[in-house]
Amino acid sequence: VGSPALVGEGPFWDDETQTLYYIDAFRPTIYSYHPGTRSHHSVNVVSDKPGKPEVHTTFVIKIKGEKNKFVISDDKRLAVINWDGVSSDPVMTEHLVDVEQEPAASFCDGKCDPSNRLWAGTKGPVPLDVPITEMEKEKGSLYSLQRDKTVKTHLSKITLSNGLIWSPDKKKFYYIDSLKFGIDSYDYNDTTGSISNGKTIFCFKKNNVEGLPDGMTIDQEGKIWVACVKG
C-alpha cells in the first residue's frame, strides 16, 4: 500500500477517519494509509528525552476524542504525539508515563481493551548476535494504563510480550508470550480491568504449528488469528 517497511507492525484501524496506522519496528517511522483515496503518508518521530534523538516505537494508537493525538511506545515509557496523518514534518513526543523498571526492557505489542484502557507488554534485551529464542528470559511484564494515568501490572516474568485480544463477549482475555509457544486464556473483568485464572489453551509445538507466535486478533465469531514469524 506504500513504501516498504523493514518490519511493519502494530496496525491500528481508525474507524472515524477510515485510516490504517502502523509502525516500522526498525525505524523511527509511523505510517498512515487511507484505502478510499489510496493515499499513503509517513512521519519520523523524535524523542523529547535528552540524548535520545530517535524513537523506535512498537505501536501507535489514536486517543479517543482527541483529534490528531496518538499514544506510542518509546522504549520503556509511553508518550503522546500530535500528527495529522499527512504531514511529513518530524513530530516530537510528549512524555506520558514511565512504566518498566527493568533496565534493558522495552515495549512490544499494545492494544486497548473494550473499555479503552491501554494494555502493553515488554520484553528483555535481544542481543543482535544470538537467535531470538536465546534472548534473556522473564525480563518483561504486562501492564495497563488507567484513566488517571497510573500503571497496573498484570503479569511479570514475561519473556517476549506480543499478541493480546479480548473475546467479543468481554469475558476472556487471550495473550501470547512468544517464547512459551502458546496462547494463554484468562477470565476478564471489564469493570475492573483485571484478569485471573490463566491457562494455556493452545500449544503451537504440540500441534505441530511452525513459527514463533507474534501478533494476534479475533473476529466477530470469536475465532483467533495469529501471525507466526517464519511460520
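**Exercise 1. Locate N162 in this predicted model and state which strand holds N162.**

Solution. N162 belongs to strand β14, which covers residues 161-166. The model is a predicted one.

**Exercise 2. Decide whether N162 is buried or exposed, and list what N162 touches.**

Solution. Step one: the relative accessibility of N162 is 7%. Step two: buried means under 20% relative accessible area. N162 therefore counts as buried. Step three: setting aside residues up to four places away in sequence, N162 touches C108, D109, Y175, I176, S178, P213 and D214.

**Exercise 3. Find which residues carry the UniProt feature "binding site", and describe how they are placed in space.**

Solution. Step one: an unreviewed UniProt entry gives this feature to E9, N162 and D214. Step two: these residues are spread over 206 residues of sequence, yet they cluster in space, with a largest C-alpha distance of 11.0 Å. Step three: E9 and D214 are among the residues lining the largest pocket.

**Exercise 4. Work out whether E9 is buried, partly exposed or exposed, and name its strand and contacts.**

Solution. Step one: E9 sits in strand β1, residues 8-14. Step two: the relative accessible area of E9 is 23%. Partly exposed lies between the limits of under 20% for buried and over 50% for exposed, so E9 is partly exposed. Step three: with residues up to four places away in sequence not counted, E9 touches Y22, I23, A25 and D214.

**Exercise 5. Describe the setting of S106: which strand holds S106, and what is S106 in contact with?**

Solution. Step one: S106 is in strand β10, made up of residues 106-112. Step two: S106 has a relative accessible area of 14%. The cut-off for buried is under 20%, so S106 is buried. Step three: apart from neighbours within four places in sequence, S106 is in contact with D75, K76, G121, T122 and K123. Step four: T93 is 13 residues from S106 along the chain, and their C-alpha atoms are separated by 17 Å.

Definitions and conventions
Residues are numbered from 1 along each chain as its sequence is written. This is a predicted model: local features need pLDDT of at least 70, side-chain atom pairs count only at pLDDT 80 or more; totals for chains, interfaces and linings use all residues. Side-chain values use heavy atoms; hydrogens and water are left out. Helices (H or I, at least four residues) and strands (E, at least two) are DSSP runs, numbered from the N terminus. Buried means under 20% relative accessible area, exposed over 50%, partly exposed in between (1.4 Å probe, protein chains only). Contact means heavy atoms within 4.5 Å. UniProt positions are given in the numbering used here, feature names are shortened, and annotations may be inferred rather than shown by experiment. On a 1 Å grid over the protein atoms alone, a cavity is a set of points where a 1.4 Å probe fits but cannot get out, and a pocket is an open set with protein on both sides within 12 Å along at least five of seven lines; lining residues have an atom within 4 Å of a point.
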